[in-house]
Amino acid sequence: MPKLTKDRLNAEQLALYETILGGPRGAGKQHFPIVDQSGALTGPFGVMLQSPALGLPLQELGAAIRYRTGLSARIREIAILAVAAETKSVFEQYAHERIGRAVGLSECEIGALADGRFVSDHTVESAAHAFCLRLLDGRLRLSNDEYVKTREALGEAQILELVVLTGYYRTLAQLLDVFDVGLPDEGTEAA
């Protein structure tokens, strides 16, 4: 897929580009570069530019998951790293290990997540990870007892948020894989 630098964008693509960079992803500290040295968006953001009609709502859903849910930052990154490990998404692993460190995940925890495991004394974190693994294994339907136990640990809102997060990051992993999107160049600077 060709890199779409700012000078090669049509009006819809440029609006999406500016939305991504002008929103919460572009503000504050960057843990990984979302723009490379040529000005092209990295990772899934560059893919989203190919079809702004899908890219705009897709990036908006991602922003809602990252910035507007009730998930703690640690639980969000635990869940994303669980998806990255299961889908073998190199870019998502790369990006979210960095974010995970910033929100307090230890190197031991990050290593365990990369191996498809996670153990925490925090019961909500453990329950969230176990639930995400279940979703990733394709065991979507919970028995009444399983649902009650999961609801007691996570609450209904977090169950919904984790289902959406898992599906969203699985979609991103597929996009990155199909279009063979690799890691940003070593010399790339964060935006």
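At 36% relative accessibility, Arg101 counts as partly exposed, because buried means under 20% relative accessible area, exposed over 50% and partly exposed in between (1.4 Å probe, protein chains only). The model is predicted, so local features need pLDDT of at least 70 and side-chain atom pairs count only at pLDDT 80 or more, while totals for chains, interfaces and linings use all residues. Residues are numbered from 1 along each chain as its sequence is written, and side-chain values use heavy atoms, with hydrogens and water left out.

**Exercise 1.** Find out which side chain forms a salt bridge with Glu107.

*Solution.* Start with the idea: side chains of opposite charge can pair when their charged atoms come close. A salt bridge is a side-chain nitrogen of Lys or Arg within 4 Å of a carboxyl oxygen of Asp or Glu. Now look at Glu107: its partner is Arg101, and the closest N and O atoms are 2.4 Å apart. Glu107 counts as partly exposed, at 49% relative accessibility. Arg101 itself lies in helix H5; helices (H or I, at least four residues) are DSSP runs, numbered from the N terminus.

**Exercise 2.** Work out which parts of the chain the salt bridge between Arg74 and Glu109 links.

*Solution.* Begin with the pair: the closest N and O atoms of Arg74 and Glu109 are 2.8 Å apart. Then place each partner: Arg74 is in helix H4 (residues 73-87) and Glu109 in helix H6 (residues 107-114), so distant parts of the chain, 35 residues apart, are linked. Both partners are buried.

**Exercise 3.** Say how exposed Asp115 and Arg117 are.

*Solution.* Asp115 is exposed, with a relative accessible area of 55%. Arg117, at 47% relative accessibility, counts as partly exposed. The two form a salt bridge, their closest N and O atoms being 3.4 Å apart.

How values were computed: Helices (H or I, at least four residues) and strands (E, at least two) are DSSP runs, numbered from the N terminus.
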